[in-house]
Amino acid sequence: MEEREGDVRWDGLCSRDAAARAAALEHLGQAVLRRGGAAAAPRVLARLLLLAKRCPFRDVREKSEAILSGVQELGIRIPRPLGHGPSRFIPEKETIQVGNEDAMMHTLFAESFATLGRLDNVTLVMVFHPQYLESFLKTQHYLLQMDGPLPLHYRHYIGIMAAARHQCSYLVNLHVNDFLHVGGDPKWLNGLENAPQKLQNLGELNKMLAHRPWLITKEHIEQLLKTEENSWSLAELIHAVVLLTHYHSLASFTFGCGISPEIDCEGGHTFRPPSVSNYCICDMTNGYHGVDDIHASPTTTESVCEVEALMEKMKQLQECRDEEEASQEEMATRFEREKRESMFVCSSEDEESAPTRDVSRHFEDTSYGYKDFSRHGMHVPTFRAQDYSWEDHGYSLVNRLYPDVGQLLDEKFHIAYNLTYNTMAMHKDVDTSMLRRAIWNYIHCMFGIRYDDYDYGEINQLLDRSFKVYIKTVVCTPEKTTKRMYDSFWRQFEHSEKGQTTLSPLPLLTTPSAPQVHVNLLLVEARMQAELLYALRAITRYMT
Amino acid sequence: MPPAVPPGSEPASRRGVPASRPAMEKMSRSGAALGGAALSGRTMFCHLDAPANAISVCRDAAQVVVAGRNIFKIYGIEEEQFVEKLNLRVGRKPSLNFSCADVVWHQMDENLLATAATNGVVVTWNLGKPSRNKQDQLFTEHKRTVNKVCFHPTEVYMLLSGSQDGYMKCFDLRKKDSVSTFSGQSESVRDVQFSIRDYFTFAATFENGNVQLWDIRRPDRYERMFTAHNGPVFCCDWHPEDRGWLATGGRDKMVKVWDMNTTRAKEIYCVQTIASVARVKWRPECKHHIATCSMMVDHNIYVWDVRRPFIPSAMFEEHKDVTTGIVWRHLHDPYFLLSGSKDSTLYQHIFKDASQPIDRANPEGLCYSLYGDLAFAAKESLISSDSNRKPYIGDRRHPIFFKRKLDPTEQFEYISSSSALSVFETDVESGSMDWFVHTAKQYALAGRPLAELCDHNAKVAKGLDRNQVAQTWTMLRIIYSSLGTVSSANLNHSMGKGSAALPLMNSFNLKDIPSGLGSESRLDRSKGESRTENILLDSSSTLINNEDNEETEGSDVPADYLLGDVEADEDDLYMMDHENPHAEEQEYSLPQEAFPLRHEIVDNPSALDHLQDKADSPHVSGNEAETVSLTPVESFSLISISHSLYENRLPSDFFNPIVRDTLLFYAEQGDVQTAVSVLIVLGDRIRKEIDEQTQEHWYTSYIDLLQRFQLWNISNEVIKLSTCRAINCLNQASTTLHINCSNCKRPMSNRGWICDRCRQCASMCAVCHHVVKGLFVWCQGCSHGGHLQHIMKWLETSSHCPAGCGHLCEYT
């Protein structure tokens with residue numbers, strides 16, 4: 001099968017030059033259909049299906065479709081996509097359909113397709129916020145493909161390690177392909193113990209970063225840098241840390257938005273005719289335990305009230321902040337209380353989900369998960385944001401050791417944090433900064449990072465319990481996210497906007513899922529920054 | 001009982017400082033030793049209980065306040081030590097109001113202090129209060145952390161604050177609320193400073209890199225704004241004497257001095273430091289000196305002379321963690337600097353104890369040119385000191401002296417910066433490297449069977465009168481190629497040729513070789529002398545140069561082919577690059593610039609895979625086996641003479657140690673070219689014999705040499721053919737080329753050739769208005785360009801841009 005696949009060449013399809021694509025397609029079509037479709041291995045067909053559905057170029061989509069039907073005429077069973085669009089949580093009809101995107105999105109799609117050779121589901125979901133997506137793709141491209149201290153296959157392998165910590169089979173699959181594509185040794189994929197010692201050493205840091213970053217000390221850094229052989233250089237370590245945090249938080253996004261498997265990956269397509277059953281393998285492999293839509297849908301009036309109430313609260317907070325003079329002790333205890341409470345905010349469905357064998361081999365020590373602060377009597381001093389901040393300290397360190405990345409990350413954080421359309425449900429011209437800050441600080445609070453100038457009482461006012469549960473799950477144990485959690489927060493936004501779909505002139509804002517995705521972007525970036533801050537602080541301490 | 005010093009009760013001697021200023025200035029000019037007459041003390045420090053965030057001094061220069069997250073204390077500065085005078089953190093419960101980001105002591109009133117708290121509160125303190133708690137007023141108007149507070153230099157009751165929430169507020173201490181609020185329309189304010197001379201002006205710096213100037217009377221709009229840094233501007237400081245100068249420091253590691261007198265702020269000095277700049281403070285009484293400390297990684301305090309931005313004029317290295325606050329102890333004394341740090345210490349630095357990097361710096365420079373010329377620059381004093389010696393023996397040109405006149409206004413510790421430059425030329429014959437260039441261009445390294453490669457290279461070496469190298473190639477052919485590929489005629493031919501050199505070969509022993517080589521190279525140097533100018537031309541003309549060589553060397557590449565139409569085919573581009581006509585048929589074409597934007601990751605191509613490897617069927621004579629006991633060198637000559645060589649068999653790696661020694665020998669002689677060429681040609685046959693590091697070393701040296709001679713194509717070929725990992729990835733780094741669109745002159749963000757702003761093809765030839773596919777040259781000034789040929793022709797007649805944009809194009 002491998003040999004026959006050798007006939008089929010995929011390069012050239014990514015070209016921006018229509019003529020080059022046409023030639024490549026022609027060649028592709030011939031290669032597949034030649035010899036009675038002998039070259040039509042299932043993987044080739046799956047890839048064709050992916051192209052037919054998810055290529056930003058119309059000509060490629062159409063031609064791939066044509067080739068597939070050509071194959072079908074030859075009597076070979078062709079695959080069909082499983083699942084329902086790029087995300088399981090977002091109804092397919094709400095996502096941007098490839099082919100219907102506007103000019104800016106098309107540029108981004110083409111960019112993504114040209115550099116990655118595919119248009120993945122993450123991109124299709126993130127495109128709700130094109131401004132962010134652009135920065136995200138730029139950063140990711142730089143981390144994975146541009147100049148950097150680590151060799152290319154190491155980068156993908158580290159991505160796999162990080163994603164595997166959260167049992168994110170979607171990202172693992174994606175990067176296993178990339179890893180092999182850049183010439184990585186397939187043996188490494190059998191488990192971390194088969195990888196070079198140098199990467200194995202990174203396992204410990206990976207584990208801590210993912211679950212308990214506050215435990216990272218300069219001794220950990222020293223261990224990585226000072227081992228006689230297989231030691232890391234500082235620049236390599238920074239690169240690795242950025243990659244690890246990037247993929248941890250991307251795993252959060254993947255689960256938080258319920259990203260479906262890629263069409264050409266395992267679980268993304270089926271060769272079975274549609275009538276057989278509606279059973280979805282992918283839900284099982286990804287650790288989703290059944291998709292239940294049983295939440296009682298609130299009446300519209302009720303939900304409108306919720307939005308109104310939230311806005312009212314924000315207004316109140318804004319006004320009374322000057323008058324109400326909370327004592328200093330009060331402020332301090334509020335943070336502690338929020339921190340403590342965040343521990344008890346737990347998803348009710350705390351059942352242990354055994355990771356699929358496929359993914360679990362990439363990491364050892366499955367028992368090591370997010371443990372709340374000081375639950376076991378360990379007292380961890382609070383991380384003061386004013387003493388070590390991304391803007392002042394983290395940026396300088398990263399940019400010093402891995403040039404340009406500091407800048408890219410800085411942009412990405414800024415865009416995510418400042419992203420706003422000044423709307424809230426059907427209300428226009430709303431300053432949402434308060435809400436965004438509450439979410440951001442709540443996440444940092446879960447990691448023990450405290451802002452002196454923030455009144456943590458605001459969090460309690462603005463974020464209700466179901467939302468907190470969702471945030472906490474996505475950030476700390478993303479693999480446990482369920483559609484029910486996703487649906488249960490901010491119902492009001494979704495539902496109240498549904499009625500408006502046809503009224504608003506801006507297509508982007510009518511998309512009911514945009515706010516949810518927006519929240520996820522905030523979660524992703526806040527988590528990434530929190531992890532980075534801990535890791536970078538340890539590195540700084542090591543250096544001084 | 002307040003331990004604070006009440007106003008007016010301080011010793012008169014300390015207050016006398018400003019009065020005796022003119023006298024002191026004179027003294028300070030006359031020498032550092034007398035400078036401390038007014039203030040005295042020594043370098044000293046004391047432990048604080050917690051990291052400091054900021055420090056500030058009292059006007060009387062006898063007290064300093066240290067503030068941090070967990071500390072807020074006043075220390076008295078005495079002759080020998082710091083003495084704790086007062087702890088302002090009172091009360092049982094720690095309050096965030098005490099968690100200070102900044103502190104400032106009023107320069108008019110010894111009893112007045114202000115702090116900026118991390119929770120957004122501005123607090124004023126009155127030391128004159130009788131109670132233990134000196135807290136005076138509390139302003140809770142800022143929503144975010146306050147980064148900076150600043151008192152008006154002459155107005156007692158005016159306080160300014162700048163906060164993370166993007167606002168600056170001006171407080172009148174007699175009122176409960178702020179008098180006016182200034183909105184920077186930006187994220188956060190990092191620093192605010194009242195101008196020392198302009199009563200109403202203050203400067204504010206922002207996280208987005210801007211600096212704004214405000215008039216205190218006009219809170220609605222800033223007077224002026226400019227972008228000072230890339231990234232946050234952490235600090236600024238007005239020059240104490242020069243009215244218009246503002247120094248700023250930013251995350252981009254720069255300290256910039258701006259002249260604000262003109263309508264547009266003009267950058268007049270710029271100092272590049274090694275880490276982001278956290279604080280800047282002009283040094284009193286020294287117009288051009290400025291002290292800086294950094295926010296990350298670097299713990300030292302530097303004092304720069306802004307006119308000499310490359311080396312700090314003084315350096316204090318005492319701290320073990322980043323320095324967070326620096327302040328000159330007295331307004332008019334340049335010798336005492338106080339600093340607080342994250343390592344929980346407070347230091348007093350004395351200037352005479354500072355380390356001066358300039359003393360340790362080596363003000364000498366030495367550089368070899370390509371042709372063996374040597375330039376040497378050194379401090380004049382060093383050279384003149386031994387003037388009785390005559391060091392300029394080989395000097396052909398006049399030594400050039402650069403002298404800088406000493407600035408009479410310079411006050412002290414000025415280190416002479418005059419230096420002398422001498423250039424030593426080597427004589428033309430011995431210095432010429434023509435043989436190197438010719439050999440590099442003509443050698444064939446891959447793409448043909450081993451025997452042919454060796455033959456070809458032997459011929460090249462022979463043609464340049466390098467007989468020994470020619471012999472080596474011939475022998476390699478004999479060792480590693482089987483009889484079948486070597487026609488006897490060919491063999492005889494080469495043997496016959498070689499025989500001329502034979503006497504030399506037979507007689508040499510290891511010691512003779514250097515002289516042998518020397519004479520040889522001298523010969524071809526004199527021959528190739530006329531070429532020198534060609535080589536000096538830049539890369540654009542190497543094409544022509546190549547062609548020239550091809551012709552003279554009788555290569556089979558038609559000359560006009562090389563100058564053929566560039567437009568014809570993209571591949572032509574690469575064919576021209578190759579000196580050797582055979583190479584381009586093979587897999588070595590360079591990646592085409594426009595398309596593989598990702599790194600093209602190739603497994604190390606083992607260059608000679610496609611060649612027939614005859615290693616398993618060698619033919620070596622029986623008597624050879626005996627000669628092995630002789631010295632390797634002698635055995636060479638025997639091999640080359642012996643004709644019975646081909647009748648017997650011996651594994652070819654039998655000779656590997658000898659070949660290895662040969663290569664090591666050549667490399668030792670400095671002829672790394674031969675070593676690398678043989679290494680590439682033989683590929684796997686010899687690779688394992690020589691350790692990776694040596695190989696890598698050879699490759700880098702050779703590539704370096706090639707690049708110095710601007711033989712870019714050849715160096716790239718060598719990189720491509722090398723089997724070392726480290727070398728191989730050299731041409732996979734930095735493969736991005738940033739270009740501008742020739743229509744809209746903006747950077748092309750898009751890949752490919754269409755500019756996504758103006759939707760036009762960006763690579764039009766400005767002369768013939770056709771799309772250029774192939775060699776495109778463009779002017780970096782105006783982004784216009786076109787076919788190499790057309791542009792060259794155009795520039796013969798005109799120096800303006802052919803596009804008519806009026807730019808005087810420069811092509812290098």
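Is Phe436(B) buried or exposed? I looked it up: Phe436(B) is buried, at 2% relative accessibility (buried is under 20% relative accessible area, exposed over 50%, partly exposed in between, with a 1.4 Å probe and protein chains only).

Ground rules I noted: this is a predicted model, where local features need pLDDT of at least 70, side-chain atom pairs count only at pLDDT 80 or more, and totals for chains, interfaces and linings use all residues. Residues are numbered from 1 along each chain as its sequence is written, chains are lettered from A and ligands numbered from 1 in written order, and side-chain values use heavy atoms, without hydrogens and water.

Next, ring pairs. I found 34 aromatic pairs over all chains (rings of Phe, Tyr and Trp, its six-membered ring, with centres within 6.5 Å; planes under 30 degrees apart are stacked, over 60 edge-to-face, the rest tilted). Tyr417(A) and Trp440(A) are edge-to-face, because their centres are 5.0 Å apart and their planes at 85°. Tyr417(A) is in helix H18 and Trp440(A) in helix H19, so this pair ties together parts 23 residues apart in sequence (helices are DSSP runs of H or I, at least four residues, numbered from the N terminus). Tyr417(A) is partly exposed at 22%, while Trp440(A) is buried at 4%.

Back to Phe436(B): its ring and that of Tyr702(B) sit 5.9 Å apart at their centres with planes at 80°, so I logged this pair as edge-to-face too. Tyr702(B) is buried, at 2% relative accessibility.

Last, a charge: the charged end of Arg221(B) sits over the ring of Tyr222(B), 4.8 Å from its centre (that takes NZ of Lys or CZ of Arg within 6 Å of the ring centre and within 35 degrees of the ring normal).

Definitions and conventions
Helix = DSSP H or I, 4+ residues; strand = E, 2+ residues; numbered from the N terminus.
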